[in-house]
Amino acid sequence: MELNIIVLAKQVPDTRNVGRQAMNADGTVNRSALPAIFNPEDLNALEQALLIKEANPGSRITLLTMGPSRAADVLREGLYRGADAGILLSDRAFAGADTLATSYALAAAIRKIGKFDIILCGRQAIDGDTAQVGPQVARELGLPQVTYTRRIMQLENNKITVERSIENGVEVVEAPLPLLLTVDGAAAACRPRNAYRLLRYCRAATASERAASGKPANAADSVLVEWNLESVGGDAARCGLSGSPTKVKKVENVIFQAKESKRYTADDEQIKELVSELLANHTIG
Ligand SMILES: Cc1cc2nc3c(=O)[nH]c(=O)nc-3n(C[C@H](O)[C@H](O)[C@H](O)COP(=O)(O)OP(=O)(O)OC[C@H]3O[C@@H](n4cnc5c(N)ncnc54)[C@H](O)[C@@H]3O)c2cc1C
């Protein structure tokens, strides 16, 4: 079965290593102080796509990211690991998008791609942390969805069987194609970059990167496409700030004080003390 697979990949600031300089005084993230990375669970999603492709020769993986010009880095990263093509969705009209407007724009790009069997995305992005985009894209496209995917068990006759994480266990579900899967961090880690692919695609650039660098087009560029609002036929009123019903009222910095943390060692006495304390303050029991 030859499948068309789309992987949604977001470039995120590496919030796992937040230091003092990583927060602005107003409580927002100082993105320039943090390295920009491939959202971790989107790498898990890419690995699932690569496994499907291996089991179904002739399948094709297209990465889709919405973001500024530099988000093309995640597309190249995906190409190094085995994706076939990348689409950067970028336009000033998308700026200030909440999850609803983001999902609308991504869904518009997916409609333009046209033929697809499976859309894979991470469960959640480490900067926004809402886990809303996958389900909202599925809703916008009228697709069934399976969230918290940790393993694809079987894929045949236009049906997929998936193991998904649930509280205290796993659940096995079956769903028809086309569908959207959100993949969580319990799924297999993504394979590393392939040296041959790295050499082949490291010079692949999007149209705006080429325009900024002034470098002439090269053969590798053909795997990267850049679309804007007009090219996906999107409705400006549903994009960016104007398409975002979420209004952030207040952002507060929560700073943990040293006195709020306590260290315990692993000996019996310390564990007993910890349990007594948790019982006393009703955290457990
Ligand atoms: C009022 C408001 C204004 C905002 N303004 C801005 C702004 O100006 N600039 C800005 O960068 N952010 C802005 N944000 C944040 C932005 O809305 C979220 O980062 C975005 O919608 C994704 O949500 P999330 O990070 O919670 O993703 P989640 O829902 O946690 O992501 C789930 C999965 O969806 C996919 N996904 C999510 N986003 C993308 C993407 N962009 N491209 C491809 N795949 C994706 C990934 O696979 C990801 O793992 C704003 C948010 C609000 C509420």
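1. The side chains of Lys10 and Asp127 meet in a salt bridge, at 2.8 Å from N to O. The term stands for a side-chain nitrogen of Lys or Arg within 4 Å of a carboxyl oxygen of Asp or Glu. This pair links distant parts of the chain, 117 residues apart: Lys10 is in the loop between β1 (4-8) and β2 (11-13), and Asp127 in the loop between β6 (118-122) and α4 (133-141). Helices (H or I, at least four residues) and strands (E, at least two) are DSSP runs, numbered from the N terminus. Lys10 is partly exposed, with a relative accessible area of 32%, and Asp127 is partly exposed at 21%. Here buried means under 20% relative accessible area, exposed over 50%, and partly exposed in between (1.4 Å probe, protein chains only).

2. A word on the basis for these notes: this is a predicted model, in which local features need pLDDT of at least 70 and side-chain atom pairs count only at pLDDT 80 or more, while totals for chains, interfaces and linings use all residues. Residues are numbered from 1 along each chain as its sequence is written, and side-chain values use heavy atoms, with hydrogens and water left out.

3. Please also look at Arg191 and Glu54, whose side chains meet in a salt bridge of 2.5 Å, N to O. This pair, too, links distant parts of the chain: Arg191 sits in the loop between β10 (179-183) and α5 (195-201), Glu54 in helix α1 (residues 40-55), and 137 residues separate them. Arg191 counts as partly exposed, at 23% relative accessibility. Glu47 joins Glu54 and Arg191 in a network of salt bridges. Over the whole structure, the search finds 17 salt bridges.

4. Lys272 forms a salt bridge with Glu269, and their closest N and O atoms are 3.8 Å apart. Both residues lie in helix α7, three residues apart, about one turn of the helix. Lys272 counts as exposed at 55% relative accessibility, and Glu269 is exposed at 53%.

5. A nonpolar surface patch of about 300 Å² is made by Ile271, Val275, Leu279 and Ile284. Patches are made of residues with over 30% relative accessible area and no salt bridge; like charges are joined within 9 Å, nonpolar side chains (Val, Leu, Ile, Met, Phe, Trp, Tyr) within 5 Å. Leu279 has its place in helix α7 (residues 268-280) and is partly exposed, with a relative accessible area of 42%.

6. Asp14 deserves a look as well: this residue is buried, with a relative accessible area of 7%. Asp14 is found in the loop between β2 and β3 (36-38). Leaving aside residues up to four places away in sequence, Asp14 touches Leu34, Pro35, Ile37 and Ile126, where contact means heavy atoms within 4.5 Å.

7. On the rings, the charged end of Lys112 sits over the ring of Trp227, 5.1 Å from its centre. The criterion is NZ of Lys or CZ of Arg within 6 Å of the ring centre and within 35 degrees of the ring normal.

8. Finally, the overall picture. The protein chain has seven helices and eleven strands, and its C-alpha atoms fill a box of roughly 65 × 50 × 40 Å, taken along the principal axes. Buried residues make up 43% of the 285 residues. Among contacts between residues at least 6 apart in sequence, 68% join residues at least 24 apart.

Conventions. Accessible areas come from the Shrake-Rupley method with a 1.4 Å probe; for residues, only the protein chains shown count as cover.
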